[in-house]
Amino acid sequence: MATTKKKAVRRAKKGQRIRQVAAIPFRLREDGGVEVLLVTSRTTRRFIVPKGWPMKGKSGRKAATIEAQEEAGVLGKALKQPAGTYSYWKRMTNGFIRVDVAVYLLEVTEELADWQEAANRQRAWLPATDAALLIDEPELSTLLRDLTIPASPPA
């Protein structure tokens with residue numbers, strides 16, 4: 001994945017837009033309410049959704065599922081179509097680059113007690129409207145605030 005990041009930085013320096021994929025892990029409460037899982041970023045400790053660079057040979061949906069497992073320690077099924085997109089300024093060592101992110105809903109089927117980035121991140125289950133208040137990216141915050149889960153869960 002490091003080479004994907006390097007390629008993205010090179011493209012950004014040429015003025016091209018770069019892409020990432022993200023997951024919004026969710027679960028349904030017994031009362032029918034929706035909770036989403038946020039994680040803290042490694043550097044700024046802000047709450048974010050699990051996200052990362054596209055992976056060669058993997059669909060955006062599959063890459064988002066892998067990121068959710070690595071960053072948030074959850075397994076599940078992602079919806080085929082993105083729930084939406086947002087853009088943000090990614091902090092790099094020598095400045096910022098603009099990134100467009102495709103976001104996939106991930107119905108969580110299992111929460112792992114130990115996962116790859118457990119030592120570097122904290123996670124929190126919150127109602128989607130509360131999660132929206134903790135997110136700094138305005139477009140992602142709106143996506144969370146207006147989140148609707150399709151009637152038939154992922155296939």
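**Reading a helix and a buried lysine**

Mentor: Let's begin just after helix α2, where G73 takes a positive phi of about 70°. Keep in mind that this is a predicted model.

Trainee: Good to know. How many residues does α2 have, and how far does it reach from its first C-alpha to its last?

Mentor: Helix α2 covers residues 60-72, which is 13 residues, and it reaches 17 Å, close to the 18 Å expected at 1.5 Å a residue.

Trainee: Which residues of α2 are buried?

Mentor: Buried means under 20% relative accessible area. In α2 that applies to A63, A64, T65, I66, E67, A68, E70, E71 and A72. Their cover includes strands β1, β2, β4, β5, β7 and β8.

Trainee: You mention β4. Where does K51 lie, then?

Mentor: K51 lies in β4, a strand of residues 51-52. Setting aside neighbours within four places in sequence, K51 is in contact with Q20, V21, A22, E67, E71, Y86 and Y88.

Trainee: And what is the nearest side chain of opposite charge to K51?

Mentor: That is E137, 5.5 Å away. A salt bridge needs a side-chain nitrogen of Lys or Arg within 4 Å of a carboxyl oxygen of Asp or Glu. K51 has no salt bridge, yet is buried.

Trainee: Stepping back, how many helices and strands does the chain have?

Mentor: The chain has 4 helices and 8 strands, in the order α-β-β-β-β-α-β-β-β-β-α-α. Its radius of gyration is 15 Å, close to the 15 Å from the globule rule for 155 residues, so the chain is as compact as a globular protein of that length. Of those 155 residues, 46% count as buried.

Methods:
Residues numbered from 1 in each chain as written. Predicted model: local features only at pLDDT ≥ 70, side-chain atom pairs only at ≥ 80, totals over all residues. Heavy atoms only, no water. Helix = DSSP H or I, 4+ residues; strand = E, 2+ residues; numbered from the N terminus. Buried < 20%, exposed > 50% of the residue type's maximum accessible area, 1.4 Å probe, protein only. Lys, Arg positive; Asp, Glu negative; His and termini not counted. Contact = heavy atoms within 4.5 Å. Expected span 1.5 Å × (residues − 1). Rg over C-alpha atoms; globule rule 2.2 N^0.38 Å.
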